[in-house]
Amino acid sequence: MRFIRKHVVFLVILAVMLVYRLLIWRHTQVYLYGDMYRYDAMARHLLLNGYMGIGAKPDAYYTPGYSLFLAAVYLLSMWTHGGKLLPIAHVAHEVFFVQQIFSLVNLVLVYALGTLLKNRYTGIAAALIAALYLPNSFVGELLLSENLFIPFLLLSVLTAYLALLNQRYSLYVLAGIVLGLATLVRPFILPIIVLYLLGIWWQARTGRISSDKPYRQGLYFAVALIIGTVLALLPWWIRNFVDFHHFVPLSTEAGNPLLAGASPYFQTPFSQLAAGAIAHHQSQEKYAIHLILNGFAHHFFLYLGWFLFGKLYFLFGGPWLYNYIGWFVIYHRILVILGGLSVIAGLFIRRIRLFAVAILFLLAMQLIFLPLYRYGYPLVVMIGTMLPAVVVYFFTMRRRGIPFVEK
């Protein structure tokens, strides 16, 4: 009862969103395109043919996280339909049901992160922002990796925070495992391990690690984090080596979004870029790197502007899925602008700094690749979580006459 009284407001929000998302699921129609068919193919091949790939043989075109999730839901569906796997148009509606229930985990994590950043009231405010942001309720109606990536992204930051705050080996191993699992859903998150390692180094440097030898203790924490990450990725590495007889660390698809985002302001159509890679007998990744380096060599400021600022509009200029709803576009842009300001402010608040730097780090990673509203969506979820904490810090410090900048 004490737990219920303490979190009653959030529990009400959670219950309302459960009913709302089930209503959405009840009235939704199946709409499939692009990546959805490939994720479905990987899951079906795993269940029916014993291999993972989008074609007639094993491949590593995608990392396996979301397809494994789909395969698990498909297996449950088979149990309820006499061992028969239904066509995608039928089973997709069952997947949507599971995803809508699972999407409530996002609200729990947003609430937990908001509470950790400041207090329970900021957690409630963050949960309200997440509840009112339409894609958070409707992403469950799509067979896309965002359904799994968003909770793993939030959980990765949360576990890293807890590890840095509590300085326990088990938490560092857990943070590594969560990061590895998030990587198996969407690989571009993996470099954030550098940020977590820098956080450990910074604690050792500033004396925040309680040990006579803080750097050695920090090294042990770093090893625990790396071990956890490797443990999560190891089965995928072993599978790839067995199937392909060479080391494939993540996926073979990374060159596609890199090449698609290589041409400033999409001056060159992707079909022409892909044809160029074929003509030069290069992978899309190598050809993209060649184009980018050549672009910086001959059109430095054009490419600099594209990779620093030009992609921001294509990531955040409008909301994913609902760019046709006028009032929601305004709400989205206000959230992005205020959230962007809160990220800058968060760099000066010790408790929030890691979260702010994590957002900037992930943004920098995303700016390398193809910019789409869909790819900016996870960052919008993060800034919506951080915004109320910064606002509360600002007004609290102003009321107490405390300088806003914290060392």
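1. Leaving aside neighbours within four places in sequence, which residues is Asn 147 in contact with? They are Tyr 66, Gln 99, Phe 102, Val 139, Gly 140 and Leu 142. Contact means heavy atoms within 4.5 Å. This is a predicted model: local features need pLDDT of at least 70, side-chain atom pairs count only at pLDDT 80 or more, and totals for chains, interfaces and linings use all residues. Residues are numbered from 1 along each chain as its sequence is written, and side-chain values use heavy atoms, with hydrogens and water left out.

2. Asn 147 lies in helix α9. Helices are DSSP runs of H or I, at least four residues, numbered from the N terminus. Asn 147 counts as buried because its relative accessibility is 6% (buried is under 20% relative accessible area, 1.4 Å probe, protein chains only). Its side chain reaches the backbone oxygen of Leu 142 at 2.9 Å.

3. The largest pocket holds about 850 Å³ of space. A pocket is an open set of points on a 1 Å grid over the protein atoms alone, where a 1.4 Å probe fits, with protein on both sides within 12 Å along at least five of seven lines; lining residues have an atom within 4 Å of a point. A volume is the space filled by probe spheres set on the points.

4. Lining that pocket are 34 residues, with Tyr 62, Glu 253, Ala 254, Pro 257 and Tyr 375 nearest the centre of the largest pocket. Helix α3 gives the most, three residues.

5. The second largest pocket has about 580 Å³ of space. Its lining counts 17 residues; Trp 202, Gln 203, Arg 350, Arg 353 and Leu 354 are closest to its centre. Elements α9, α11 and α18 each give two or more.

Methods. Buried means under 20% relative accessible area, exposed over 50%, partly exposed in between (1.4 Å probe, protein chains only). A polar contact is a pair of N or O atoms within 3.5 Å; within protein, one must be able to donate a hydrogen and the other to accept it, and residues adjacent in sequence count only if both atoms are side-chain atoms.
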